[in-house]
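Subject: Structure handover

Hi,

Here is the structure I promised to pass on. My notes follow below it.

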Number of protein chains: 2
Amino acid sequence: MYPVKYLSDFTSNVFMKMGCSEPDALRIAEVFMAAELRGLPSHGILRIKDYYQLWKAGRINVKPDVRVVHETPSTAVVDGDGCVGMVAAVQSMELAISKAKTAGTGWVSTRNSNHYGIAGYYAMMALKHDMIGISMTNANPQVAPTFSVSPMLGTNPIAVAIPAGQQPPFVADFATTPIARGKLVVAEKKGEKVPFGFVQDKNGIPSDDPAVLKAGGSMLTLGGDYIHGSHKGFCLSAIVDIFSAVFSGANFGPFVPPSVAYLPVLDKKVGEGTGHFFGAMRIDAFQDASSFKSSMDEWITTFRHSKPAPGQEKVLIPGDPEREKEARIRKEGIAVLPAVEKEMKEIGEELGVEFVSNE
Amino acid sequence: MYPVKYLSDFTSNVFMKMGCSEPDALRIAEVFMAAELRGLPSHGILRIKDYYQLWKAGRINVKPDVRVVHETPSTAVVDGDGCVGMVAAVQSMELAISKAKTAGTGWVSTRNSNHYGIAGYYAMMALKHDMIGISMTNANPQVAPTFSVSPMLGTNPIAVAIPAGQQPPFVADFATTPIARGKLVVAEKKGEKVPFGFVQDKNGIPSDDPAVLKAGGSMLTLGGDYIHGSHKGFCLSAIVDIFSAVFSGANFGPFVPPSVAYLPVLDKKVGEGTGHFFGAMRIDAFQDASSFKSSMDEWITTFRHSKPAPGQEKVLIPGDPEREKEARIRKEGIAVLPAVEKEMKEIGEELGVEFVSNE
């Protein structure tokens, strides 16, 4: 187990060695640590390697000029200048928050960025300002629209964070697919089958074998099949893609650039880089802040105390599982898989940053 | 088959006889007709009877003072004064559009309203202003959160309409459940089973019998079960509920008042009436309008031409099926079930509005 501070310092040092400024490197490390703490290691330091390889391939700009290219009182478009995604994302969310202070709400669409880590981090930035935060991003195409066999969409997550008073905040953070890509990779490595409704083969036949993804298959949208509403999952994923990329002028759908260096840069571009979308809404743009918070407390308490199904301990409010994990991980430390430790050691050696395995 | 104009005139005359002003009655009729034209008769004139009975029970205010009770440059809260839902909804969406004109975006949360018909109608109001439109509403509780057996949420729909250039607009309009309540009612009346993933019995056991809903069962959120991501559907439904009701001060979750007179008014209130949420975003708040539209054309064309699965004719863009239905129904007329014709005749006789069956 690693203390958060140890992995955070390692991460920021690695990004500084690649050429990032100290403030940028600290931001990047903070988002990686948020993923580890919330129990989402698939978006944690595991991804440092992807960024390191993109940097070596000259596909990341570590000295970006992140700038606002268009704005109104409540909106803006930000150009990330090919940066590490977290850098443009934090600045974009800060801009949304600052617009909300004067206009009531702020909405920022961001182009020319890269993989930004966990969506929930940015949504939660709004909470301390007594605002609702919203964050979404498009991503590498691996999900097929309903009735299609073509992987056209990313797992396109949506995060919404809503402040409460005595209760912890409501934090929803979910991919618009039934299951995360990372869990399919794990099942495939173990040679395990998965439930139907997650993937289809290259001919569009429903499959329980995650290995079909490497053989021309695709993931399915939330709902799983048309009968169970996969077209609604397609709507959601499409909305994330359009808000992130068509609003900003980023690449949409099948044209989103790969977030890993082992996949080639695409021939066709329809915009600049990857796209994100951020929103901030002041709670007192709708209600007196204290009455908003006490209503949210009552909402949360009402739903938390709804009757559990037999065999279920309790009904969970969005954000509960991640908060419980964070409390435990802060105490116990972050677990790192041996394969990831090895990669961190190798990257550290190449860049001159020590990584001491503590297992 | 009935011409649209005939049913529209009948509807507005019925609401005027109940005491609505002519402009309000015309708005109400227009929303009912939009549901019929888009092939959603479950939200069409079938519902006139519910409103008529609520009115007879003194539970609808036909002379409402719909007013803004709170605002910022980009937001407002509207109080519907217990009105027919369409009246507050149209005014609220118009306000969102007007705020977007100056602030770039406009966001309105509405309380003290009632059932507002189809969500998509209000989202589509934004299109002719070169804006994206968003609409959502909470509704009578009949859906259980993941891990619960209590019906706590409505089918809480989300609609998003996005303008394009040469292509027809993107219009998503969907309940946050796998299937509409209306389809379960039809299956139950026919004594048919439904696929698993739609409903559970009062003990939380998955069921294929829609009759469980009348025996303490509940509908499930999009995803159907936890393994297939029903907690994501719960997140969506919860967000709709909070944006519609906690933002505005309406009743949330299990406290939403019944939209039918045969269910009693609830003992406990946590706010005023039913809640809705509306958004309007100027496309040129993000991009030059003509380049936005040509990007949307390219998005739509790209997805429409993704490879169909074998046995599927084509890949559909959100809004395609409803637009095709509207073109057909405008030509052929609106079909009305004999049972609904009978109800219209009875209501018409009581109010002194002629309904001539043309079958």
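Where is A:N156 found? A:N156 sits in the loop between β4 (131-137) and β5 of chain A. Helices (H or I, at least four residues) and strands (E, at least two) are DSSP runs, numbered from the N terminus.

Some ground rules. This is a predicted model: local features need pLDDT of at least 70, side-chain atom pairs count only at pLDDT 80 or more, and totals for chains, interfaces and linings use all residues. Residues are numbered from 1 along each chain as its sequence is written, while chains are lettered from A and ligands numbered from 1 in the order in which they are written.

Phi of A:N156 is near 20°, a positive value in a residue that is not glycine. Most residues other than glycine have a negative phi. A:N156 is buried, because 27 other C-beta atoms lie within 10 Å. The cut-offs: buried means 20 or more other C-beta atoms within 10 Å of a residue's own, exposed means 12 or fewer, and partly exposed is in between, with C-beta atoms placed from the backbone.

B:F147 is not a glycine either, and has a positive phi of about 75°. B:F147 lies in the loop between β4 (131-137) and β5 (158-162) of chain B. B:F147 counts as buried because 20 other C-beta atoms are within 10 Å.

Domains

Chain A is divided into domain 1 (1-63 + 333-359), domain 2 (64-177 + 227-318) and domain 3 (179-219). These bounds come from an automatic or database domain assignment. The centres of domain 2 and domain 3 of chain A, taken over C-alpha atoms, are 26 Å apart. Eight residues of domain 2 of chain A contact ten residues of domain 3 of chain A. Contact means C-beta atoms, placed from the backbone, within 7 Å. On the domain 2 side of chain A, that contact has five nonpolar, three polar and no charged residues. Ala, Val, Leu, Ile, Met, Phe, Trp, Tyr, Cys and Pro count as nonpolar, Asp, Glu, Lys and Arg as charged, and the others, Gly among them, as polar.

Between the chains

The contact takes 66 residues from chain A and 66 residues from chain B. Several elements of chain A each supply at least two residues, among them β1 (67-72), β3 (105-113) and α7 (230-246). α8(A) gives the most, with seven residues. The chain A side divides into 39 nonpolar, 24 polar and three charged residues.

Helix pair

Helix α3 (residues 48-56) and helix α10 (residues 338-351) of chain A have axes that come within 10 Å and cross at roughly 35°. Axes are lines fitted to C-alpha atoms, for helices over the stretch in contact, and angles run from 0 to 180 degrees between N-to-C directions. A:I48, A:K49 and A:Y52 in α3(A) meet A:E343, A:M344 and A:I347 in α10(A). By class, this contact has four nonpolar, no polar and two charged residues.

Two helix residues

A:A119 is in helix α5 (residues 119-125) of chain A. A:A119 is buried because 28 other C-beta atoms lie within 10 Å. Its contacts include A:S135, A:P157 and A:D173. A:A119 and A:F278 are 159 residues apart along the chain, yet their C-alpha atoms are separated by 9.6 Å.

A:T102 is in helix α4 (residues 85-103) of chain A. A:T102 counts as partly exposed because it has 14 C-beta neighbours inside 10 Å.

Over to you.

Terms used. Two residues are in contact if their C-beta atoms, placed from the backbone, lie within 7 Å. Lists of a residue's contacts leave out its neighbours within four places in sequence.
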